[in-house]
Every structure is written in structure tokens, then in C-alpha cells.
Amino acid sequence: MSPHSDLEAKYANCPVIKTLEEVGSRWRLTVIHVLREGELRFNELKRATDANSQTLSRVLDDLEEKGYVKRRVEEESPIAVYYSLTPKGADLLSAFDEILEWGEKWIDDDRADGEERDP
């Protein structure tokens, strides 16, 4: 038995790792973060995320399929498609708040020494 067997077993079904695997791409996280603003049209999301149309469309389809985002089509002319977070997607926003707090404390392009920024 490997000395790391316990670690392998512990992390094989780790909820943190499974969550990151499911929502952990740059574009998925960006879209979820931007949708905290509320219901947005495709082009509003495109401008806010700076994603190209193909990437954004793929990410939105993926997030909708996984239950993080809901899509609403307004059939009036011109047809408009709106996206918003589902309760499952909105439940991630508290994690984004924690990441924001951590980033404000630790991320600084001028510091590479791991020292905490001054408040």
C-alpha cells in the first residue's frame, strides 16, 4: 500500500475538487460572476466577459445543461435571449465573495513575495 493511499482516497471524491472540475473553467466562472448582476442578454454578456460569440455560446449551453444558468427567449421582434442564474448558480456567489475578499488581500501584480497587502 502506497504511503499516499489515504490521500488518494480522501481526494478521490472531494467536493472541492469535483466542484472545480464542473465549474472551474475561466469562462464558466466569468459568466457566473457577471450574471450576479441579474438577467442579461447574450450581447451584454459578450461585452462584459470579452468572450467571442462561439465560446460564450458553448459556455452558456454547458452552464444551462448543468443547471447553473437559465435561458429565456422573448419571441417579440427582434427576438431576444436572456440569461440568468438558477438557484444552483446563485448559490455559488458566496464562494465568489470569498474569492473577492482573498484577492483583495493577496493579489497584487507588484508583489511576488507572498506578503499580505496593507489594508
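**Fold, core and charge pairs in a predicted model**

The protein chain carries 7 helices and 3 strands (DSSP runs numbered from the N terminus, where a helix is H or I with at least four residues and a strand is E with at least two). Read along the sequence, these elements follow the pattern α-α-α-β-α-α-β-β-α-α. This is a predicted model, so local features need pLDDT of at least 70 and side-chain atom pairs count only at pLDDT 80 or more, while totals for chains, interfaces and linings use all residues. Residues are numbered from 1 along each chain as its sequence is written, and side-chain values use heavy atoms, with hydrogens and water left out.

Burial comes first. Of the 119 residues of the protein chain, 27% count as buried (buried is under 20% relative accessible area, exposed is over 50%, and partly exposed is in between, with a 1.4 Å probe and protein chains only). In soluble globular proteins, nonpolar side chains tend to be buried together. Here the largest nonpolar core has 20 residues (a core being a set of buried Ala, Val, Leu, Ile, Met, Phe, Trp, Tyr and Cys residues joined through side-chain atoms within 4.5 Å). Ile32, Leu35, Leu45 and Val69 have the most contacts inside this core. At least two core residues come from each of H3, helix H5 (53-65), strand E3 (80-85) and H7. H5 gives the most, with 4 residues.

Leu7, Tyr11, Val16, Ile17 and Leu20 make a nonpolar surface patch of about 460 Å². Patches are built from residues with over 30% relative accessible area and no salt bridge, joining like charges within 9 Å and nonpolar side chains (Val, Leu, Ile, Met, Phe, Trp, Tyr) within 5 Å; the areas come from the Shrake-Rupley method with a 1.4 Å probe, and for residues only the protein chains shown count as cover. Helix H1 (5-12) and helix H2 (15-23) are the elements that give two or more residues to this patch, and the largest share, 3 residues, comes from H2. Valine 16 has its place in H2 and counts as exposed because its relative accessibility is 54%.

On to the charges. Side chains of opposite charge can pair when their charged atoms come close. The count comes to 6 salt bridges (a side-chain nitrogen of Lys or Arg within 4 Å of a carboxyl oxygen of Asp or Glu). One of these joins the side chains of lysine 88 and glutamate 22, at 3.8 Å from N to O. Lysine 88 lies in helix H6 (residues 87-90) and glutamate 22 in helix H2, so this pair ties together parts that are 66 residues apart in sequence. Both partners count as partly exposed, lysine 88 at 40% relative accessibility and glutamate 22 at 28%.

Arginine 36 forms another salt bridge, with aspartate 97, and the closest N and O atoms are 2.7 Å apart. This one also links distant parts of the chain: arginine 36 is in the loop between helix H3 (26-34) and strand E1 (40-41), and aspartate 97 is in helix H7 (residues 93-106), 61 residues apart. Arginine 36 is partly exposed at 31% relative accessibility, and aspartate 97 is partly exposed at 37%.

Arginine 72 and glutamate 74 meet through their side chains in a salt bridge of 3.3 Å, N to O. With relative accessibilities of 33% for arginine 72 and 28% for glutamate 74, these two residues count as partly exposed. Elsewhere, salt bridges that share partners join Arg28, Asp62 and Lys66 into one network.

Two of the residues just described also sit over rings (NZ of Lys or CZ of Arg within 6 Å of the ring centre and within 35 degrees of the ring normal). Arginine 72 lies over the face of tyrosine 82, at 4.4 Å from the ring centre. The charged end of lysine 88 is over the ring of tyrosine 68, 4.5 Å from its centre.

The backbone has a couple of details to note. A cis peptide bond, with omega about -5°, joins serine 77 and proline 78, and proline 78 is in the loop between strand E2 (69-74) and E3. Aspartate 50, a residue other than glycine, has a positive phi near 65°. Aspartate 50 is found in the loop between helix H4 (42-49) and H5, and counts as exposed at 67% relative accessibility.
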